[in-house]
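Let us walk through this structure chain by chain.

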Amino acid sequence: MEQLNLLLEGFSNALTPMNLLWVLLGALLGTAVGVLPGLGSAMAVALLLPITFSLDPTAAFIMFAGVYYGGLFGDSTSGILLNTPGNSSAIASTFEGHRMARSGLAAKALATAAMGAFIGGLLATTVVVFFAPTLVKLATAFGPAEYFALAVFAFLAISSVVSDSIVKGLVALGIGLVLAMVGVDGPSGTIRYTLGLPQLFDGISIVVITVGLLALGEVLHIASRIHRDPEAVKIKPSGRPRLHRHDIKKALPAWLRGTAFGLPFGIIPAGGSEVPTFLAYGTEKRLAKRRGDIEFGQIGSIRGVAAPEAAGNATAGTAMGALLALGLPTSATAAIMIAAFQQYGMQPGPLLFERSGPMVWTLLASLFIGLVILLVMNMQFAVLWAKLLLVPRHYLYAGITVLSVLGVYAISAALLDLWILLGVGLVGFVMRRYEIPLAPVLIAVILGPLAETELRRALTVSEGDAGILVSSGITITLYSILALTLAFTAYKHVRASKKAKEDAELINA
Amino acid sequence: MVSKRILSRSLYGVVVVAVAGLAFTNAAASGGESSARNKLVIMAPASPGGGWDGFAREAQQALKSIGAVNNVQVTNIPGAGGTIGLSQFVQMTGRHDMLMATGGVMIGAIELANSEATMKDVELVARMSDDYAVLVVPAKSDIKTLDEFIAAWKKDPGKTSIAGGSLGSIDHLLTGAVAQEVGIDPSKANYIAYSGGGEALTSMLAGTTVGGMSGYNEVADQIEAGNLRALAISSEERLPGVDVPTFKEQGVDAVMANWRGFVGAPGITEEDKQVFVDMVHEIHESEQWKDALERNNWTDSFMIGKEFEDYVDSEIEVTEQIVKGLGL
């Protein structure tokens with residue numbers, strides 16, 4: 001209970017009217033950059049850094065807390081409304097979220113996302129408060145072999161559920177792997193598929209691919225149908241915008257499941273929040289199938305939005321724990337925040353809690369305050385944002401195009417990125433035309449390099465001995481679960497097809 | 001009526017956000033013909049949060065606080081160890097209102113990528129600060145000293161894996177230099193490259209590799225907390241307040257600094273260059289910069305003019321040699 005007292009002390013430091021103003025400012029800014037395609041919270045924190053130099057530490061922390069979580073609250077907004085997620089962490093919540101918006105439930109989807117982000121962040125921050133030292137142990141249990149097992153696990157867990165046609169799924173997966181392979185190969189320094197362009201040495205940014213495939217691809221798709229098929233592109237808001245008790249009852253388990261996926265991923269420095277959001281989405285889809293839920297994949301399921309959003313913010317929450325307790329920047333945003341903390345003489349790492357205890361507790365309290373402010377703000381915004389859909393299509397999608405291009409250009413001010421954006425956008429358009437699923441592309445882009453690099457690292461360390469891949473408790477557990485799941489799926493598949501055959505014979509007879 | 005008002009309000013919100021976004025990018029990109037004292041752009045050839053980004057922003061802060069420049073912007077052009085930024089910077093011929101952050105990492109990256117643009121294409125202004133790399137082993141390792149590590153390394157270079165930053169980084173170059181120095185073929189060194197210090201650090205803590213090369217500041221706390229054991233540091237002499245012996249005093253002549261500094265665009269006049277030299281002097285003298293050095297644990301290595309040019313030349317030579325030795 002010592003932590004509780006320290007945390008309360010932190011709250012008493014953080015809660016002043018002036019600080020609330022700072023957190024509001026941070027939250028607004030974070031949400032804004034989150035909503036814009038391509039711009040992430042890393043950019044926002046970098047821009048804010050000079051301003052905070054003149055603030056007292058508490059005010060600065062509380063503002064950072066707003067920005068840090070604000071980006072995650074905001075990034076699903078454009079995804080849900082327009083099928084154009086602002087960042088890769090919001091891809092998974094876009095699938096069902098946009099379906100809900102199409103069915104006229106935009107405001108409800110946004111509110112679900114905001115609640116999900118709140119619950120995920122809240123639980124994760126609580127875990128950090130009480131279990132920071134344990135988290136550290138978990139992070140150091142992960143070597144290359146464990147990462148590889150994790151990547152394989154995520155690959156199979158996700159891809160079997162997001163595609164209905166195996167061939168189309170594999171096509172999409174292939175496109176993703178090709179995109180992911182561009183650049184200098186980390187372990188060997190070999191240059192792959194860069195066409196001799198040095199700008200491609202670091203590979204194609206996941207943001208460019210996300211924005212191109214989802215945002216620009218969607219714009220082109222809408223543009224190609226706007227005169228032929230006016231109904232298909234018109235969204236009429238219907239139903240009640242607020243979350244009701246039965247909605248919450250439906251979404252609550254999904255929020256909690258999503259959080260459970262997100263929590264462990266924040267601590268390990270690979271993968272970011274994309275993997276857990278996809279895992280959460282995959283699980284919900286699987287559960288919906290079992291339950292015979294017809295909303296999922298058709299009119300949009302509230303659970304399909306709730307789980308990935310909670311997972312995304314839970315990851316961000318524990319990532320903050322890893323940053324503080326390990327000094328590990330698990331994301332670009334975290335790397336900048338380390339610089340900000342050092343400004344106030346706080347060196348994140350194993351000695352942080354001993355050296356600058358009071359300040360850490362103030363920061364943790366700030367995170368809680370930031371979350372509450374963001375929840376209140378975004379619940380209000382949900383209704384307002386949904387009205388955006390009343391803007392005539394041609395204005396709206398022209399606006400998206402401008403913002404997408406702007407966001408991508410802002411990452412690294414490179415013209416080449418814009419050409420790639422356009423190219424990927426065209427690919428996205430063609431894929432929509434032939435109904436090839438988009439999700440496997442993004443899964444491949446995220447998991448492909450992770451699996452490749454870690455496999456090679458593991459084998460380099462062991463000098464080619466493949467035994468290293470199954471040499472620890474974590475790897476054996478992951479592979480066992482995987483084998484069991486596959487066996488179970490195969491068994492069910494065989495039984496189902498046998499039954500279908502019998503039924504058919506019965507009808508024939 | 002209410003919905004109309006909400007609509008116009010939300011539209012207004014979108015416009016504000018869009019304009020703000022435009023303003024951010026525009027402010028970072030536009031230069032104009034004004035003098036460097038009026039408006040200066042510092043290019044950080046790294047993404048926000050990268051080493052040069054922090055360095056550039058500290059300099060920005062120092063210039064602002066002493067009022068040496070009215071308006072200082074930092075712009076990020078990340079990629080390929082800074083060579084993407086460099087290749088753009090060399091095209092800014094005559095731009096007297098731009099500085100670029102640079103350093104040892106860039107020299108390594110130029111060699112590794114056979115970059116067309118090199119340090120010869122820019123005007124060298126100053127070296128500002130140094131970081132040093134340190135060789136560590138996990139605390140539970142049997143290896144207690146540098147000698148023991150080298151003995152194990154010589155016995156089986158393949159088994160003695162070393163984790164560190166990306167290929168061409170100071171961590172990697174130092175590994176090659178130490179190997180060469182103690183008589184191990186550097187191309188046999190089993191170096192496991194990680195894209196960031198954080199990733200390499202967890203791998204060391206997880207005990208994946210036998211040893212690790214890392215920037216001292218990144219692992220200082222882990223050393224102090226007893227999770228990692230430092231065997232040797234790459235500085236010329238022991239750093240004040242740091243209880244880690246150097247490679248040199250243990251008989252391995254490997255001295256390497258992760259230095260950072262500034263360069264100007266090609267084709268600037270002598271007067272323009274003098275303005276930059278005055279400017280780095282002012283940064284160096286400022287309280288704000290002294291603070292930054294202390295906060296980031298950077299060693300002050302201020303160096304300008306001929307001395308700096310000679311230093312860069314020798315660095316390039318050493319780097320070329322090591323990269324060749326590593327077989328890249």
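Chain B falls into two domains: domain 1 covers 36-130 + 257-325, and domain 2 covers 131-250. The model is a predicted one. Between domain 1 of chain B and domain 2 of chain B, the C-alpha centres are 27 Å apart. Domain 1 of chain B puts 19 residues into the contact, and domain 2 of chain B puts in 14 residues.

How much area is buried between domain 1 of chain B and domain 2 of chain B? The figure is about 1,200 Å², with 59% from carbon and sulfur atoms. On the domain 1 side of chain B, the residues that lose the most area to domain 2 are B:L112, B:I322 and B:G325. Together these three give 36% of what that side buries.

Now take one residue of chain B, B:N217. B:N217 sits in helix α8 (residues 216-224) of chain B. Leaving aside residues up to four places away in sequence, B:N217 touches B:D131, B:N296, B:N297 and B:W298. B:G251 is 34 residues from B:N217 in sequence, and their C-alpha atoms are 24 Å apart in space.

B:N296 comes up again in a helix pair of chain B. Helix α2 (residues 51-65) of chain B packs with helix α10 (residues 287-296) of chain B. Their axes come within 9 Å and cross at roughly 155°. Angles over 145 degrees count as roughly antiparallel, and α2(B) and α10(B) are therefore roughly antiparallel to each other. The crossing of α2(B) past α10(B) is right-handed. From α2(B), the contact uses B:F55, B:E58, B:A59, B:Q61, B:A62 and B:S65. From α10(B), it uses B:Q288, B:W289, B:A292, B:R295 and B:N296. Sorted by class, the contact between α2(B) and α10(B) has five nonpolar, four polar and two charged residues.

Turn to chain A. Its division is into domain 1 (2-471) and domain 2 (473-509). The contact draws 14 residues from domain 1 of chain A and nine residues from domain 2 of chain A. Between them, domain 1 of chain A and domain 2 of chain A bury about 1,000 Å², and 77% of that is on carbon and sulfur atoms. Which residues of domain 1 of chain A lose the most area to domain 2 of chain A? They are A:A149, A:F153 and A:V470, together 40% of what that side buries.

Two helix pairs of chain A are next. Helix α11 (residues 274-291) of chain A and helix α18 (residues 439-461) of chain A pack at about 140°, their axes 10 Å apart. That angle makes α11(A) oblique to α18(A). α11(A) passes α18(A) in a left-handed crossing. A:E274, A:V275 and A:F278 of α11(A) meet A:A439, A:L442, A:I443, A:I446 and A:L447 of α18(A). By class, this contact of α11(A) with α18(A) has seven nonpolar, no polar and one charged residues.

The other pair is helix α2 (residues 17-35) of chain A with helix α15 (residues 357-386) of chain A. Here the axes come within 10 Å and cross at roughly 50°. The crossing is right-handed. Residues of α2(A) in the contact include A:L20, A:L24 and A:L28. Those of α15(A) include A:I373, A:F381 and A:W385. The contact of α2(A) with α15(A) has 12 nonpolar, three polar and no charged residues.

How values were computed:
Residues numbered from 1 in each chain as written. Chains lettered and ligands numbered in written order. Predicted model: local features only at pLDDT ≥ 70, side-chain atom pairs only at ≥ 80, totals over all residues. Heavy atoms only, no water. Axes fitted to C-alpha atoms, helices over the stretch in contact; angles between N-to-C directions. Helix = DSSP H or I, 4+ residues; strand = E, 2+ residues; numbered from the N terminus. Parallel < 35°, antiparallel > 145°, perpendicular 65-115°, else oblique. Left-handed = near helix turned anticlockwise from the far one by under 90°. Contact = heavy atoms within 4.5 Å. Nonpolar A, V, L, I, M, F, W, Y, C, P; charged D, E, K, R; others polar. Domains from an automatic or database assignment. Buried area = accessible area lost by both parts, 1.4 Å probe.
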